[in-house]
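Please examine the sequence and the structure shown below. The paragraphs that follow lead through the two chains and the contact between them.

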Amino acid sequence: MGAQLFELPVAVTLRLQSRSGRVDVIAEPRDDVLAEGDSIESLVDDGGATLRIRSGRGNKPLLVRCPAGSDVTVGTQSGPVKMTGDFGIISVTTASGAIEVESADEADLRTMSASVTIGTCRGRCRMNSASGKVQAGSVGAASAGTMSGSIQIDEVNGSLKAHSVSGSIDAACGGEGAIAIKTVSGKVHIELPQGCEPKTRFKSLSGRIRCACPEGTDVLVEAMSVSGSIDVVPR
Amino acid sequence: MIAPAPVQPDVVEGTVMFTDIVGFTEFNALRGDSEAMALLTLQDRIVREEIGRDGRIVKDLGDGLMLWFDDACAAIRIGLRLQERFEEESMKVDAPLWVRIGVHAGKQRRRGDDLLGHDVNVASRIMNLANTGEVLASEETVRRAAALLPDVEFKQLGPVVMKGIPTPINLYRVERHAAA
């Protein structure tokens, strides 16, 4: 296992890449970037603004320690990605590797079949897994999609756009942004704050759509379902 | 004497787009063949209206289409326009025309009216990573189109390692500028 230390200007963007090896990224109080792994290839690009790190072939793990608040993009095929600490703008894409993020300013997390988990995202959070579970703690504006997996968001503090084919969607919204839900046959459960009076636009071909909140103008809730049930309820 | 028809080159250079109706199989199972056919017809009509002479439908893939454009700008512009039309029509007729789109510029090998090759496969893989309502494009597409599309924003998703594709592809999420 080799290690490389990069002394870099502040606000460098990291672009990490691995095929099947695990990728661990730790954001912590430091000024440099330390990468550990086998056969690491690196390149400083964009006039010093970007550091690209690629782990060698095979399933060897890659560990990167970077300054807190760093912007990071990670791409793997089957390797899982774990990001610990507080990041800036992040983007993680995998085919079958699970994605786990502790905290970020903005996030775009997508995978074909694995799970996506994020603790906190202060800004817009995009999450997409075809068949895996999508789970988020507290997020700003959220956009989430799944085919057969499930989506669960504990706290949405902005707008919410969620889409599923057969998967369930469960989200608690703060009533601070428009909510748009689309599902073919999934079960959708949206919670709004007590006293929130949403303006609703529901369309359903055969599914049941129910809003237990009094109609008003506080927040727009749009929902469309083919056969899935959609419930909007006060928290 | 009639001049021989010009020989069509075997390899063409252009931009391939894949569209896919998300949840089509489930919709078909729930609502039956007639409504499923109507959904496909709706997608087909919108695509034909929007591509005009800028591109062509290479083939019908069941719940999606493969399109080809000789110009990457046209592919991006039309991809965004298609998503807007799909959304409008979906709301208008209460049909789940929820589509994802992947775009990749490169070289394609002609086989009759069909197009084959690595760059076609890459476009298909890109589409698989798109969310409903999204247009995703490869770096090569963005390189050819970005400077000519000031009203379009390309947000980098980073290096994406795709199954069966040896080299990671830098992907971008394509959106209209908020102010546009």
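Among the elements of chain A, which has the lowest mean pLDDT and which the highest? The lowest value, 83, belongs to strand S1 of chain A, residues 2-7. The highest, 98, belongs to strand S11 of chain A, residues 116-121. These are confidence values, for the model is a predicted one. Over the whole of chain A the mean pLDDT is 92, and 98% of the residues reach 70 or more. Chain B likewise averages a pLDDT of 92, with 94% of its residues scoring at least 70. Among the elements of chain B, strand S7 has the lowest mean, 91, whereas strand S6, residues 135-138, has the highest, 98. The model as a whole scores ipTM 0.87 and pTM 0.91.

Consider next how chain A is divided. Domain 1 of chain A covers residues 1-100, and domain 2 of chain A covers residues 115-235. A distance of 32 Å separates the C-alpha centres of these two domains.

Two packed helices are described by the angle between their axes and the distance between the axes. In chain B, the axes of helix H1 (residues 24-51) and helix H2 (residues 72-93) come within 10 Å and cross at roughly 140°. An angle over 145 degrees would count as roughly antiparallel; H1(B) and H2(B) are therefore oblique to each other. Their crossing is right-handed. From H1(B), the residues Leu42(B), Ile46(B), Val47(B), Glu50(B) and Ile51(B) take part in the contact. They meet Ile78(B), Arg81(B), Leu82(B), Arg85(B), Phe86(B) and Glu89(B) of H2(B). Of the residues in this contact between H1(B) and H2(B), seven are nonpolar, four are charged and none is polar.

Finally, the two chains may be considered together. Their contact takes 26 residues from chain A and 23 residues from chain B. On the side of chain B that touches chain A, H1, helix H3 (118-129) and strand S7 (152-160) of chain B each supply at least two residues. Which of the elements gives the most to this side of chain B? It is S7(B), with five residues.

Methods: Residues numbered from 1 in each chain as written. Chains lettered and ligands numbered in written order. Predicted model: local features only at pLDDT ≥ 70, side-chain atom pairs only at ≥ 80, totals over all residues. pLDDT = per-residue confidence, 0-100. Helix = DSSP H or I, 4+ residues; strand = E, 2+ residues; numbered from the N terminus. Domains from an automatic or database assignment. Axes fitted to C-alpha atoms, helices over the stretch in contact; angles between N-to-C directions. Parallel < 35°, antiparallel > 145°, perpendicular 65-115°, else oblique. Left-handed = near helix turned anticlockwise from the far one by under 90°. Contact = placed C-beta atoms within 7 Å. Nonpolar A, V, L, I, M, F, W, Y, C, P; charged D, E, K, R; others polar.
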